[in-house]
Amino acid sequence: GLPSQGANRMDAQGPVTEKSIADETREFHWRGLRSRRHRDLTAEKYVLHVDGEGGSQWYDLYHGQRLKIPTALSGGSRIQNNQLRPIVDNFVAHLTTQPYRMVVQASMSRKSREAALIDQALINHQIYAQSWNAMMAEAKYMASCYGFCPIHAAWRDDMTSDPYEAVHARDEFGEPMMGPRPGMLDNWVGNPFDAIFDSGARRTSIHRQTYGRVLPAELVRQAFQRPDLEGGSQQPSASTWQRIARQWTQASGMVHGSSVMSTGQGHDELIACIYDEVLPGMLPEWPNGRLQIIALQGMAGTSREEASGGGIGTPELLWQGELPGRCFSTVNVYSHQRFDDPTGKPFVGDIDDDQIQLNQLESMVNEYLRRASKPPLASTGGVNVQTISYYGDTLLELEPLGPGSVEMRYLEYPARHVSILESKINRVLDGMYRKGGWQAASRGEMKGSGKAIIALQSADDSIFGPISQRTKEEVEAFARLNWKLAKQYMD
């Protein structure tokens with residue numbers, strides 16, 4: 001989104017200056033992406049592990065390279081018991097199920113109370129019209145894998161709609177809208193994989209940020225009156241999940257039952273844009289802050305990796321002006337605390353290690369059951385070394401040691417270790433739910449009185465106490481951001 005073409009000051013720059021400004025924004029963004037590459041790869045792995053479809057929990061990293069763990073030489077199947085998804089579901093539900101409502105505090109004066117009533121009605125209407133509960137749930141899902149996720153607010157007075165950005169908006173009759181309309185506050189979930197902060201940033205002190213968006217090229221050409229812009233068809237979808245999953249399947253091979261789009265041929269032309277925001281007080285020539293928007297010619301993604309042979313993209317300055325609302329257009333939503341790190345800590349980070357161990361243990365049990373259900377048939381006598389290898393119901397060829405009848409029997413596998421494996425699986429499961437704030441007893445899966453289960457459910461709630469308080473502050477900060485934009489642009 002952008003406030004107005006009338007506020008665009010890029011015409012004051014010469015061609016050389018425009019190019020240097022666009023180049024600097026692109027380099028700032030790309031340097032940030034390069035410095036976070038290993039962190040981004042780890043978060044991508046978490047995204048696929050939580051999804052779990054098509055054996056994707058067997059994806060992993062090795063020296064910064066994406067790979068898929070191969071099957072055993074014996075042909076044993078790899079088992080997934082995806083517990084990450086319900087644990088993350090419970091985490092997100094705890095923070096986003098209760099409908100959000102705002103109360104605006106006012107002083108004792110009549111004028112202040114009347115203004116507070118108007119502000120309260122405005123922000124609660126925005127919460128309903130833009131479905132903040134659904135938006136926060138989507139952001140928390142992403143933050144649980146990355147550590148944080150930005151949510152955006154922008155004033156829209158352009159005449160186009162953006163079908164690639166779901167805004168959950170409703171019109172004056174309560175009917176869903178197809179896209180943003182002129183003269184409205186638009187809210188949407190951003191992409192943490194494409195959000196960069198200045199190197200001096202801390203969680204509560206960020207001075208500059210850039211973020212990328214992949215948009216339909218035709219809409220960008222119309223919005224900025226730039227018919228010379230060219231996008232690319234390398235990406236079959238602007239979806240963050242599709243872009244991540246496609247890169248992993250291309251690097252490691254397709255997986256059975258995958259929902260990944262594998263080709264961009266015949267799809268819409270997309271173009272990557274980078275938004276560059278600097279807070280007031282950082283640049284003397286921009287006392288109210290600065291917003292710049294650039295497009296990457298011929299690219300459907302903001303990174304070199306997504307260029308897919310299409311070059312690095314020539315940056316083109318599209319818009320430059322004062323920062324709307326004199327503040328960032330985003331509020332960062334977090335899933336866990338990691339001191340002052342502005343990118344946070346992934347909620348699933350510790351639990352993912354347990355999920356990998358659980359899959360390995362389940363695969364061991366499954367392999368034992370597979371072998372035990374097809375034991376080899378043996379007879380008395382000496383073993384013929386040429387036929388000692390067996391698979392399934394193969395008959396071991398044995399040479400009789402002496403005269404008499406030949407005794408035939410199936411070999412029995414030792415089962416003593418199976419109970420140990422099952423005990424280990426239960427310990428891993430208990431540990432996963434304990435870390436995820438969802439105890440087995442509070443779920444009613446263990447014996448106990450009703451009072452004990454209620455007490456344990458309360459304990460589960462207390463585990464989410466710090467992040468619940470943080471979520472409350474995030475929603476309040478986002479309400480203040482929307483209020484600032486409404487005060488500046490709304491009639």
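Mentor: Residues are numbered from 1 along each chain as its sequence is written, and side-chain values use heavy atoms, leaving out hydrogens and water. In this predicted model local features need pLDDT of at least 70 and side-chain atom pairs count only at pLDDT 80 or more, while totals for chains, interfaces and linings use all residues.

Trainee: What is the mean pLDDT of the protein?

Mentor: The mean is 83, and 75% of the residues reach 70 or more. pLDDT is the predictor's confidence in each residue, from 0 to 100. Over residues 159–167 pLDDT stays under 50. Where pLDDT is low, the predicted coordinates should not be read in detail.

Trainee: Why is M102 called buried?

Mentor: Buried means under 20% relative accessible area, exposed over 50%, partly exposed in between (1.4 Å probe, protein chains only). M102 has 14%, so M102 is buried. M102 is found in the loop between α3 (84–96) and α4 (110–129). Helices (H or I, at least four residues) and strands (E, at least two) are DSSP runs, numbered from the N terminus.

Trainee: What does M102 touch?

Mentor: Contact means heavy atoms within 4.5 Å. Not counting residues up to four places away in sequence, M102 touches Q120, I123, N124, I127, V475, E476 and A479. The C-alpha atoms of M102 and N124 are separated by 6.2 Å, though 22 residues apart along the chain.

Trainee: Why is Q225 called exposed?

Mentor: Q225 has 65% relative accessibility, so Q225 counts as exposed. Q225 lies in the loop between α6 and α7 (240–252). Q225 is not a glycine, yet has a positive phi of about 55°.

Trainee: What makes F339 exposed?

Mentor: Its relative accessible area is 77%. F339 lies in the loop between β10 (330–334) and α8. F339 has a positive phi of about 50° although not a glycine.

Trainee: How do you know that the buried residues of α6 are on the same side?

Mentor: The buried residues of α6 (217–224) are A217, V220, R221 and F224. They cover an arc of only 100° around the axis, so they sit on the same side of α6. The arc is that of the directions from the helix axis to the C-beta atoms.

Trainee: Why is α8 called roughly antiparallel to α9?

Mentor: The axes of α8 (349–372) and α9 (416–435) cross at roughly 160° and come within 10 Å. That makes the pair roughly antiparallel, as angles over 145 degrees count as such, under 35 as roughly parallel, 65 to 115 as roughly perpendicular and the rest as oblique.

Note on methods
Axes fitted to C-alpha atoms, helices over the stretch in contact; angles between N-to-C directions.
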